[in-house]
Amino acid sequence: MYVIVAGGGKVGKSVTRSLVDMGHEVTLVEQRRDRYTQLEEDFGHVAMIGDATEIGVLERAGIARPPDLVLAVTGDDEDNLVISQIAREGYGVEKVVARVNDPRNQQHFDLLGITQTICATSGILGLVEHEVPEHGLIRLLELRREGLEVVEVQVEPDSPSAGKMIGELDLPDGSRLISVMRDGRALVAVGSTVLTPGDQLLAILQPGKEDELRKVLIRA
Amino acid sequence: MLNALVIGCGRVGSSIALQLHQEGWDVTVVDENEDALSRLGENWPGAFIVGHGMDAQLLREAGIEEADAVVVATDGDNTNIVIGQVVQKRYGIECVVVRVLDPLRADFYAKRGMRTVCPTQTAVSVMTDAVRACDIRPLEPTGAA
């Protein structure tokens with residue numbers, strides 16, 4: 001596989017090392033001279049100096065082949081967006097993954113159609129949420145483009161849903177229970193399943209319905 | 001009154017803001033640096049908001065939803081390109097004019113429906129014409145036998 005990695009900071013450098021070790025062909029583009037010098041010592045001709053948002057630099061890196069994968073992992077979100085757009089729209093690169101440094105910029109990537117993104121901050125916040133659930137609802141997976149998310153909810157003894165059949169619950173439109181985890185085993189959630197305290201529920205829902213779902217399941 | 005939003009208040013952005021104001025527009029200016037306000041003169045009658053043009057909340061405060069035209073002229077090409085697309089797509093504003101210094105990127109995004117203006121390209125053309133206008137002819141035209 002041929003991969004262009006844009007940005008030779010900690011992320012770009014580590015990813016490049018792994019890809020090279022796996023036997024892939026990689027070009028790593030870094031614009032800062034001091035960083036480039038170090039990268040060249042580590043990676044030899046894999047490292048290239050230049051601003052990866054410049055079309056001429058990308059062409060020297062082989063964007064026209066085109067590569068199987070472009071990783072836009074600089075520390076600048078605008079740069080990552082532009083690199084992704086040039087790769088996808090200008091050169092037909094099929095797989096582009098962009099790093100989002102500031103989670104507030106995620107919406108811009110979504111709007112501009114750069115759907116494969118990685119945001120370390122959001123990832124860490126997700127883990128924090130999992131350890132310290134806020135309001136009893138844990139977000140496990142976000143399918144942003146599809147407008148769905150998967151959440152986990154635990155039924156407590158005082159929850160309004162405890163002792164009720166799933167079929168009796170007035171679940172909000174655009175939400176559905178998938179499974180019930182009880183005593184370490186997962187049951188498929190059907191209308192006749194009776195919920196008991198301690199049950200961990202997996203639900204799929206449209207973003208924005210969290211409060212409604214929470215009210216029905218765990219808080220009156 | 002027509003509303004214009006100018007993002008980036010350097011030499012270019014501030015001059016455009018002043019010009020549009022003179023022509024009767026209601027102008028709001030956004031810049032990261034509050035000192036940039038001084039570029040608008042002593043009695044700037046329009047709004048001036050400190051912040052980054054990528055910030056969605058700031059754009060709303062600056063009245064993006066009512067803007068008839070947006071000028072994006074910060075000192076970063078990629079920042080301008082991203083802000084330009086965001087205001088065009090999220091808020092459906094048709095008149096979005098974006099400064100891009102790199103001619104290749106200006107051309108790339110112009111082909112995708114963005115009104116890019118490339119001062120570098122303009123300078124190349126105008127300065128080359130200015131040299132030609134000096135009316136000096138090479139003694140031996142290049143390539144002549």
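**Close-up views of a predicted two-chain model**

**View 1. Pairing of β5(B) with β6(B).** Val98(B) stands opposite Thr116(B), a residue of β6(B). The strands β5(B) and β6(B), the latter spanning residues 115-117, run parallel and are paired over 3 bridges, where pairing requires that DSSP finds at least two bridges between two strands. Strands here are DSSP runs of E with at least two residues, and helices are runs of H or I with at least four, both numbered from the N terminus. Between β5(B) and β6(B) the chain passes through helix α4 (residues 103-110) of chain B in a right-handed β-α-β crossover, that is, with the strands pointing away from the viewer, the path from the first strand over the helix to the second runs clockwise.

This is a predicted model, in which local features need pLDDT of at least 70 and side-chain atom pairs count only at pLDDT 80 or more, while totals for chains, interfaces and linings use all residues. Residues are numbered from 1 along each chain as its sequence is written, and chains are lettered from A and ligands numbered from 1 in the order in which they are written.

**View 2. Pairing of β4(B) with β5(B).** Strand β4 (residues 69-72) of chain B runs parallel to strand β5 (residues 95-99) of chain B, and 4 bridges join them. Ala69(B) lies opposite Cys95(B) of β5(B), and the right-handed β-α-β crossover from β4(B) to β5(B) leads through helix α3 (residues 77-91) of chain B.

**View 3. The contact between chains A and B.** Each chain is represented in this contact, with 16 residues from chain A and 16 residues from chain B, where contact means C-beta atoms, placed from the backbone, within 7 Å.

Definitions and conventions: Contact = placed C-beta atoms within 7 Å.
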